[in-house]
Amino acid sequence: MAPSLCAICATNRALILRPKDHSKLCKPCFVSVFETEIHHTITTNALFHRGEVIAIGASGGKDSTVLASVLKTLNERYDYGVELILLSIDEGIKGYRDDSLETVKRNALQYEMPLTILGYDELYGWTMDQVVEQVGKKGNCTYCGVFRRQALDRGAARLGVKHVVTGHNADDVAETVLMNLLRGDLPRLSRTTSIVTSTPSAVSSDPNSHTNIKRSKPLKYAYEKEIVLYAHHKNLDYFSTECIYSPEAFRGSARALIKNLERVRPSAILDVVRSGEDMAKLVPGSDEGCGGVCASAVAAAEEGEGGCGSSNGRTAGGEMASMEMHLAQNDLAAENGLEVEITSVPAKKGKKNKGQPPAPRKTTKQVMGQCKKCGYLSSQDVCKACVLLEGLNKNRPKHEIGVVDEAQEDSTSGVQGVTNGINKVNIQVD
Amino acid sequence: MPGKHLTFVSEKPCRRCKENLAVLVVRTEPLCRDCFLRYVHTKVIKRMESFRVRFSDNDQQRKILLPISFGVSSVTLLHILDQHLRTQAEKTRRTGFSLSILFVDTSSVEKSCSGDTLMARVQERYPDHQYASLPLHDVFRLVDKDTSLLGLVPGLKSNQDLSSPEQLSSLINSLTSATARADVIHALKTRLIVEYAKSIRCEGVLWGDSTTNLAQKTLAETAKGRGFSLPWQVAEGESPYGITFNYPLRDVLKKELVSFVELSEPSMSPYVHEPSLGATQASMSSKNTTIDDLMKQYFESVEENFPSIVSNVVRTSSKLAAIPGTSSDPHCSLCYMPVAGGRFGIHGWGGDQEDGLEVPVVGGGKGLCYGCTRSIPSS
Ligand SMILES: [Zn+2]
Ligand SMILES: [Zn+2]
Ligand SMILES: [Zn+2]
Ligand SMILES: [Zn+2]
């Protein structure tokens, strides 16, 4: 076969089959197209404004490394006039972050960006290793997940930075759309499709501060495969590792579907993202009317970091099974004429929770307020992180923690009410 | 297959009648054959409430169209409704509605059964209804006033006098992927069924989608970029086509329908044409896999252990609500779904980055929605 020419410049030999649309491009054209598209995303969505300080949530992985590199390039090329800094979170798991934090430190030099590394100990007073020591291996995912969700915002607030960008890419967004359809969570589906989300500040020193931490995803429309290609061709220094946790069942399922879809039709990832954006407007009670600002407020608080789903790690297949149980119970109750409607199902539950009878609930809309303790966005008086911390601190002298870790995942049910469930399930099943 | 069920729960009594031995477990409930058949029957008839005898007009019989593909779902639906109508007639000497059955023959453009034999058998077994069989290309004849659909056929302007079969094959042959072909064939089939239903004055269409099918459709349409159209794809009631849609099998799983066909006596198997599961899976690795195939395979595996999750997907997508007033938006030339503000094509949204590049933007002059443009790119 004769070597084909680049579809854009028609001069160089095409060396790259572009994952997004299978066009054949030369290396310089691919790099330029990739950058131009992200510039386009930034400008059409007016993500940045001149003079803004922007913290890049940096993990040392491919997404955030490419994000940092591209943003530096674009900021210089198009004179955005923004100040870019790197913000990394250290969970305090011995050995886990060492290599990736080294990568981030090198990135800081390479891109000449100031770097701040904040540890869980600084943000919460506990490292993950200490949490594990306290609660044991079993319940610690809950802590890591809840803490992780708030860490970047708390970190940014501490630095006085009002805008955090993350490396979420098109694959992550598409995965989240399918996952929320599978989990039946429309409110979250509609929130997480927005390119910009925001959460009230977590500044605890100033309870009157209601400044929002804005979060955005400049790579929202960029394919993961293209991010890898870009990193490769630009010789970027990133830390490639599989997340040590396997994704929970729904995310794993959605991820597998996305990979297969991409194989069948390369545009499918983008098409799912488009569907997600359109569906967000069709969710009853959605706040699209206000420009998406209200609706998107919660998203950042709920999004997993870096798309590795690590917060939900250990329950894998169990998560689907427990949701199945929960739903089947509701169906049965409904068939027996009980007035029960499920509006949303807890994201995940430990085994003990399986048979928990559904709380009768009719309203779809959660009222989001602020945590009384830390000011972070929360549907409860006190946010999950603060509840967990309270539990930890109370038991600072080593002590067994029983119920809290499992129960907190269901934001609507209280701390109690976990143990009775099992018996009820057995009655229905045998 | 029934053997599998028998060995599985042979020791357990039926949860409902407490007399017979259970032959299968339905959503944690062991049921005997009779109770299972009744369970499915009841689930279907419950969804036909609005067609009860007492709502019917003495002078004018209500007529509904039931498209049949000879798959387990549509045959089961016919079987149950036939039984239901007989009971109504015995009890009250009249029926709440009458059925028209339509088979659409797509064998000229895809691998499918031609239907002649099955049609004859079904007609003999369920003789009380009106039957028709139409080739898919009749869609061009029936929508002949809708020039926008005809405008999709390549080279039509130069060949004004193409016959309908030629128009169809010309359109399908212009498509470049299995997903696009399946998608366009499905859209044309829906259009034909609707047009036919209107032409014989049916007030609605009874679709044979099971819960599993609707879940599959939810994810497949999402994957094809038609998330915007979901309120009209899974919900019952007035459709954008100006005719009501009902899904009487929406509370029954696909695997339950398969069991229904197996367990019914006399057997319904002679009326069912279902490509064996192995056939679907064999093609999975090849180029011929479609998005619909992927989702079908996925949900048939999920329903094995997680039936309630399947139902929950349908319940979830049914909650999506059309924005009031959208039904007056311009319709897509192919699938006929209302496109908000007439924003046709794949351009002009956040994920479209072409206008910032040196790539020529081709006009979306065909009036296709986002999803249909992916199947029939404008060029
Ligand atoms: Zn080139
Ligand atoms: Zn708090
Ligand atoms: Zn029985
Ligand atoms: Zn369309």
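Which strands of chain B does helix α4 (residues 116–125) lie across? Helix α4 of chain B lies across β3, β4 (98–105) and β5 of chain B, and runs at about 170 degrees to β5(B). Axes here are lines fitted to C-alpha atoms, for helices over the stretch in contact, with angles from 0 to 180 degrees between N-to-C directions. Helices (H or I, at least four residues) and strands (E, at least two) are DSSP runs, numbered from the N terminus.

This is a predicted model, in which local features need pLDDT of at least 70, side-chain atom pairs count only at pLDDT 80 or more, and totals for chains, interfaces and linings use all residues. Residues are numbered from 1 along each chain as its sequence is written, chains are lettered from A and ligands numbered from 1 in the order written, and side-chain values use heavy atoms, without hydrogens and water.

**The sheet of chain B**

Helix α8 (residues 178–199) of chain B also packs on the sheet. It touches β3, β4, β5, β6 and β8 (244–246) of chain B, where contact means heavy atoms within 4.5 Å. The direction of α8 makes about 145 degrees with that of β4(B).

The sheet is open, with six strands in the order β5-β4-β3-β6-β8-β7 (chain B) and mixed pairing. Strands β5 (130–135) and β7 (237–238) of chain B stand at the edges with a single partner strand each, so one side of each lacks a neighbour in the sheet. Two strands pair if DSSP finds at least two bridges between them. Two bridges join β3 (residues 63–68) to β6 (residues 204–206) of chain B, and these strands run parallel. Ile64(B) stands opposite Gly204(B) in β6(B).

**Helix α7 of chain B**

In α7 (residues 164–173) of chain B, Ser164(B), Gln167(B), Leu168(B), Leu171(B) and Ile172(B) are buried. Buried means under 20% relative accessible area, exposed over 50%, partly exposed in between (1.4 Å probe, protein chains only). The buried residues of α7(B) fall within an arc of 120 degrees seen down the axis, so they line one face of the helix. The arc is that of the directions from the helix axis to the C-beta atoms. Their cover includes α5 (138–142), α6 (147–150) and α8 of chain B.

**Zinc sites**

Donors are N, O and S atoms within 2.8 Å of the metal (3.2 Å for Na, K and Ca); water is not among the atoms, so sites may look incomplete.

| Zinc ion | Donors (SG) | Distance |
|---|---|---|
| ligand 1 | Cys6(A), Cys9(A), Cys26(A), Cys29(A) | 2.2 to 2.3 Å |
| ligand 3 | Cys14(B), Cys17(B), Cys32(B), Cys35(B) | 2.3 Å |

The donors follow C-x2-C-x16-C-x2-C for ligand 1 and C-x2-C-x14-C-x2-C for ligand 3. Cys32(B) is buried at 3% relative accessibility, and Cys35(B) is buried at 6%.
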